[in-house]
Amino acid sequence: MWFASDNWAGVASEIAESLATAAVGYQPAYGASEQDRTVEIHFCELFEKEVEVILVGTGTAANCLALSAFNRPGGVVFCHRESHLIEDEGGAPEFLTGGARLAPIDGLAGRIEVDRLRDAINQFDPNFVHRGQPMAVSITQATELGTVYTPNETKAIAAVAHEAGLPLHMDGARFANALVHLDVSAAELTWQSGVDVMSFGATKNGCWCAEAIIFFHPEQSKPMPFLRKRAAQLFSKSRFMSSQFDAYLTDSLWIKLARHANTMASQLAQEFESLDGIRLAWQPQSNEVFAIMEHPLADQLTTAGAKFYPWPPLHLSEHELSDREGLFRFVTSFATTENHITDLASAIRVAVANLDDH
């Protein structure tokens with residue numbers, strides 16, 4: 001009953017095979033191999049335009065170095081209050097950008113509200129040196145709450161950012177899951193909707209250690225080779241990252257893996273809707289399912305071996321929780337099976353029965 005995180009899942013067999021192939025023989029180091037060139041072509045074809053590709057080892061590095069390319073003295077990045085950048089990067093954005101600050105923007109369901117973003121940006125007078133300078137806007141796709149931005153919603157945020165002369169960054173740690181849910185092209189969901197740079201995640205979707213920074217305007221990537229080297233993200237044996245992406249992007253493997261994860265999330269949500277003692281917080285739009293239940297039930301499930309995470313109270317929410325209730329996150333992955341879901345549902349039924357008896 002493994003629902004703590006898609007990071008807990010292993011590696012898809014196709015990715016493992018590609019890594020094994022890359023382990024044989026010799027290839028030029030530091031991103032100069034044919035394998036690296038092949039991956040760059042894959043990304044250009046995927047996004048239907050020339051893009052600059054910077055491979056790094058972690059999502060944290062991808063997010064922070066992407067923003068570093070746009071930093072300025074006193075720089076401020078606008079992102080959702082509950083975004084990964086603010087809640088789960090351990091100060092890395094501030095550190096790796098050289099001192100940029102993160103300005104939280106509110107919005108229901110993990111999505112930035114356009115009017116709130118506009119108001120926040122307008123608070124910065126370019127002639128008032130004490131407050132610093134806006135430098136970028138960042139959105140998460142899919143969001144930390146498993147919801148997604150439609151292309152039109154992204155366009156609206158991009159319009160506000162660009163009007164202020166700011167680039168729009170997309171944290172795409174679960175980009176594949178959002179893409180599958182919306183059933184649009186990668187181009188439509190990114191640069192055609194106004195995204196300037198993105199962190200393209202693959203580790204959560206079947207890879208081992210594979211993240212990419214994608215610049216949709218290659219000229220904006222000029223500082224990246226030096227920023228990546230300074231951040232210790234220039235891997236000598238880079239073919240082990242590019243070999244993963246080669247398999248990942250071939251024959252739409254990345255879409256197949258994400259579609260399976262999303263399907264499992266939908267099935268899990270259906271189970272929750274049929275069970276006593278637990279209810280959906282909202283319908284999942286990716287591979288994250290959020291549910292509300294009482295803490296004693298959560299404790300019983302944990303004792304029974306279920307792996308999931310309690311979620312902190314939301315700053316803005318449409319739900320009112322009692323003192324006994326909490327919000328909990330369940331994440332599916334390419335490795336989730338129907339048996340995992342039925343086992344969890346059975347564990348919930350047993351736990352509810354035990355609590356009723358007492």
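## Close-up views of a predicted model

**View 1. Pairing of strands S8 and S9.** Three bridges join S8 to strand S9 (residues 288–294), and the two strands pair in the antiparallel sense. The model shown here and in the other views is predicted. Isoleucine 278 has methionine 293 of S9 as its bridge partner. Leucine 280 stands opposite alanine 291, which also belongs to S9. Six of the seven residues of S9 are buried, so this strand is largely enclosed by the rest of the structure.

View 2. S9 and S11 run antiparallel and are joined by seven bridges. Valine 289 has its bridge partner in S11, namely phenylalanine 330.

**View 3. The seven-stranded sheet.** This open sheet has mixed pairing and the strand order S1-S7-S6-S5-S4-S2-S3. Strand S1 (52–56) and strand S3 (101–105) stand at the edges with a single partner strand each, so one side of each has no neighbour in the sheet. From one strand to the next, the twist averages 25°. Strand S2 (residues 75–80) pairs with strand S4 (residues 133–140) in the parallel sense, over four bridges. Valine 137 in S4 is the bridge partner of phenylalanine 78.

View 4. The largest nonpolar core has 59 residues, of which Phe43, Phe78, Phe200 and Tyr248 touch the most other members. Helix H8 (residues 175–182) gives the most to this core, contributing six residues. In soluble globular proteins, nonpolar side chains tend to be buried together.

**View 5. Surroundings of phenylalanine 43.** With neighbours within four places in sequence left aside, phenylalanine 43 is in contact with Val51, Val53, Phe200, Ala212, Ile214, Phe245 and Leu249. Both phenylalanine 43 and its contact Phe200 are among the residues that touch the most other members of the largest nonpolar core.

**View 6. Serine 242 in helix H11.** Serine 242 lies in helix H11 (residues 239–249). With a relative accessible area of 0%, serine 242 is buried, as the cut-off for that term is under 20%. The side chain of serine 242 reaches the backbone oxygen of arginine 239 at 3.3 Å. When residues up to four places away in sequence are not counted, serine 242 touches Gln35, Asp36, Val39 and Leu55.

**View 7. Helix H3.** Helix H3 (residues 59–68) is mostly covered, with eight of its 10 residues buried. The buried residues are Ala61, Ala62, Asn63, Cys64, Leu65, Ala66, Leu67 and Ser68.

How values were computed: Residues are numbered from 1 along each chain as its sequence is written. This is a predicted model: local features need pLDDT of at least 70, side-chain atom pairs count only at pLDDT 80 or more; totals for chains, interfaces and linings use all residues. Side-chain values use heavy atoms; hydrogens and water are left out. Buried means under 20% relative accessible area, exposed over 50%, partly exposed in between (1.4 Å probe, protein chains only). A nonpolar core is a set of buried Ala, Val, Leu, Ile, Met, Phe, Trp, Tyr and Cys residues joined through side-chain atoms within 4.5 Å. Contact means heavy atoms within 4.5 Å. Two strands pair if DSSP finds at least two bridges between them. A polar contact is a pair of N or O atoms within 3.5 Å; within protein, one must be able to donate a hydrogen and the other to accept it, and residues adjacent in sequence count only if both atoms are side-chain atoms. Axes are lines fitted to C-alpha atoms, for helices over the stretch in contact, and angles run from 0 to 180 degrees between N-to-C directions.
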